[in-house]
Amino acid sequence: MMASKLKEFFQLGEVGEYFIRVFKKPDPNKKTNFNLRMMHGINKISILVFLAALVYWIIKRLA
């Protein structure tokens, strides 16, 4: 029962699944177009910049 609750608590949800999908290698069998690849590339950059800013903000607050 407790393991089930812990597993449910740590589920990623839709946002987490998208985050994982953006950073994994694309499926070579699945056809994608240029616009979709560029959208995912821009999203990768945005996520990385946000995480870098968050780390910088935390470090600045602690120092």
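A pocket is an open set of points on a 1 Å grid over the protein atoms alone, with protein on both sides within 12 Å along at least five of seven lines; its lining residues have an atom within 4 Å of a point. A volume is the space filled by probe spheres set on the points, which are joined across faces, edges and corners. The model is predicted, so that local features need pLDDT of at least 70 and side-chain atom pairs count only at pLDDT 80 or more, whereas totals for chains, interfaces and linings use all residues. Residues are numbered from 1 along each chain as its sequence is written, and side-chain values use heavy atoms, without hydrogens and water.

The protein averages a pLDDT (the predictor's confidence in each residue, from 0 to 100) of 82, and 90% of the residues score at least 70. Helices are DSSP runs of H or I with at least four residues, numbered from the N terminus. Where pLDDT is low, the predicted coordinates should not be read in detail.

The largest pocket holds about 430 Å³ of space. Its lining comprises 13 residues, and Arg-21, Pro-26, Asp-27, Thr-32 and His-40 lie nearest the centre. Helices α2 and α3 each supply at least two lining residues, with the largest share, 5 residues, coming from α3. By class, the lining has 7 charged (Asp, Glu, Lys and Arg), 3 nonpolar (Ala, Val, Leu, Ile, Met, Phe, Trp, Tyr, Cys and Pro) and 3 polar residues (the others, Gly among them).

Technical notes:
On a 1 Å grid over the protein atoms alone, a cavity is a set of points where a 1.4 Å probe fits but cannot get out, and a pocket is an open set with protein on both sides within 12 Å along at least five of seven lines; lining residues have an atom within 4 Å of a point.
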